[in-house]
Structures are given as structure tokens and as C-alpha cells.
Amino acid sequence: FPSHDTLSHWIESFSSPSWLNKDINFGASNTKNAGRLNVCRFLELAKSYLMKHGTIWINENLPLNQNNSSKSSHFDDLLLNNIKYQFIVFCQGVNGKNNPLFPDLFYDPTGGDILTVSIPELDPKNMYKRGLWLVPAENDTWLIGSNFIKGENIDKAQNKDAEQLLSQIQSWIPFEVKLIAHRRGNSATPNSHN
């Protein structure tokens, strides 16, 4: 356990919950002053803020004007739908790999499953991490994630992947875990290494 003053603001020794099998090495610390960001709500508020400050929000696939050079790095000359913009932010996720403005940018697409489960007996004041994470949501529901899927079909949730996550959780949670929903998110993280 780190005793450095800076780290002690964020990390403290971990007291295993009474329900945890004592043969399981759960971890070494408890993270303090941390929480969970509601990403969907954050994005809604960020969009609202940006639009109030003059940002134009276009939520569609934009055909790039033929005058755009795929090698251009001057976004002030970029035309979309015959409108000239000073700045453009592309929020394309995994589809950014198909953007002709960035043909040399390497993408490494990955996917990961998130399960919504019901665990009424588990105390919702804590989040847990042991190989995967278990985070309280609302009304006795929890989110479980995540695995790391590469290659084909990264955007398609597979039953076998949900079963694997449930099996991992059940190896250290002694309570019944009931699956409510299963979804897969994906991203393409730009990587400068080719």
C-alpha cells in the first residue's frame, strides 16, 4: 500500500467485503474520490453547450466535396455540403478509418461487451474491479464490463461473450447474477504506430 501523501488522497488500504471468498486475492487498494461518468448525459450537455456557443451540429454522414484533397491538412479550406467551415470535428468512432481526409492514419478497431445485470444483494455503494469491472447503476442493477474483442464483427454482441463475463463475475460474487441486457460498444483508437 503506497504511503506517499499524494497517493493517499486517491488510494487507501482495501478491506475485503465480508461476502468475498477469502481464498480470492481481490486486490490491494480502494480508490477514493472517484466516480462514474454518465457518458450519454455528458455528451448531451456538451452538445447543448457547444450549440449555444455557435457550434453547428450535423448528425449525419457527410459527403465530402470533390474539391477536398485527401492529403489536405488545412481544415479552413474544407467544404462539406458546399459550406465552408473554419473548424470541423469528426466524431466517427470506428468509421473514421473510412474518412478520405486521413488515409494514412492507422486505426486499431476493438469492441467490448457491457452487461446490465440485477444483483439485489450487493451493496451499491462500491464499484469493484477484478479482471473486469462491476459498477452500480440504479434500482439494484449493475454494469459488468468489459472484454476486449478484436478483428471481425467487433460491433456484434455474441452470446458466448456475455456468458464468459457472467462466468467471471460468478467466480467471485456469491449472489445470483441475472442478465437484463447485453450490448457491445466499439471504437477505433488512432495509433501512430504502423
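A residue is called buried when its relative accessible area is under 20%, exposed when this area is over 50%, and partly exposed in between (1.4 Å probe, protein chains only). By this rule arginine 184, with a relative accessible area of 12%, is buried. The views show a predicted model, in which local features need pLDDT of at least 70 and side-chain atom pairs count only at pLDDT 80 or more, whereas totals for chains, interfaces and linings use all residues. Residues are numbered from 1 along each chain as its sequence is written, and side-chain values use heavy atoms, with hydrogens and water left out.

**View 1. The whole protein contains three helices and ten strands.** Helices (H or I, at least four residues) and strands (E, at least two) are DSSP runs, numbered from the N terminus. Along the sequence, these elements follow the pattern α-β-β-α-β-β-β-β-β-β-β-α-β. Of the 194 residues, 26% count as buried. Two residues are in contact when heavy atoms lie within 4.5 Å. Among the contacts with a separation of 6 or more, 60% come from residues 24 or more positions apart. The protein exposes about 13700 Å², of which carbon and sulfur atoms supply 51%; accessible areas come from the Shrake-Rupley method with a 1.4 Å probe, and for residues only the protein chains shown count as cover.

**View 2. Arginine 184 and aspartate 113 form a salt bridge of 2.9 Å, N to O.** The two partners belong to distant parts of the chain, 71 residues apart: arginine 184 is in strand β10 (residues 178-191) and aspartate 113 is in strand β5 (residues 106-118). Both residues are buried. A salt bridge is a side-chain nitrogen of Lys or Arg within 4 Å of a carboxyl oxygen of Asp or Glu. The whole structure holds five salt bridges.

**View 3. Arginine 184 also forms a salt bridge with aspartate 161, at 2.5 Å, N to O.** Because arginine 184 lies in strand β10 and aspartate 161 in helix α3 (residues 159-170), this pair ties together parts that are 23 residues apart in sequence. Aspartate 161 is buried, with a relative accessible area of 5%. Through shared partners, salt bridges join Asp113, Lys160, Asp161 and Arg184 into one network.

View 4. The side chains of histidine 182 and aspartate 113 are joined by a polar contact of 2.6 Å. A polar contact is a pair of N or O atoms within 3.5 Å; within protein, one must be able to donate a hydrogen and the other to accept it, and residues adjacent in sequence count only if both atoms are side-chain atoms. Leaving aside residues up to four places away in sequence, histidine 182 touches Asp113, Ile114, Leu115, Ala157, Gln158 and Ala162. Histidine 182 and isoleucine 114 are 68 residues apart in sequence, yet their C-alpha atoms are 6.0 Å apart in space.

**View 5. Arginine 41 and glutamate 44 meet in a salt bridge of 3.1 Å, N to O.** Both lie in helix α2 (residues 39-52), and because they are three residues apart there, about one helical turn separates them. Arginine 41 is partly exposed at 44% relative accessibility, and glutamate 44 is partly exposed at 46%.

**View 6. Leu37, Val39, Phe42 and Leu43 form a nonpolar patch on the surface.** Together these residues have about 390 Å² of accessible area. Patches are made of residues with over 30% relative accessible area and no salt bridge; like charges are joined within 9 Å, and nonpolar side chains (Val, Leu, Ile, Met, Phe, Trp, Tyr) within 5 Å. Phenylalanine 42 is found in helix α2 and is partly exposed, with a relative accessible area of 45%.

**View 7. Asparagine 139 lies in the loop between β7 (133-136) and β8 (141-145).** Most residues other than glycine have a negative phi. Asparagine 139, although not a glycine, has a positive phi of about 50°. Aspartate 140, placed in the loop between β7 and β8, also has a positive phi, near 65°. Asparagine 139 is exposed, with a relative accessible area of 69%, while aspartate 140 is partly exposed at 42%.

**View 8. Serine 118 is placed in strand β5.** At 18% relative accessibility, serine 118 counts as buried. Not counting residues up to four places away in sequence, serine 118 touches Asp140, Thr141, Glu176, Val177, Lys178 and Ile180.
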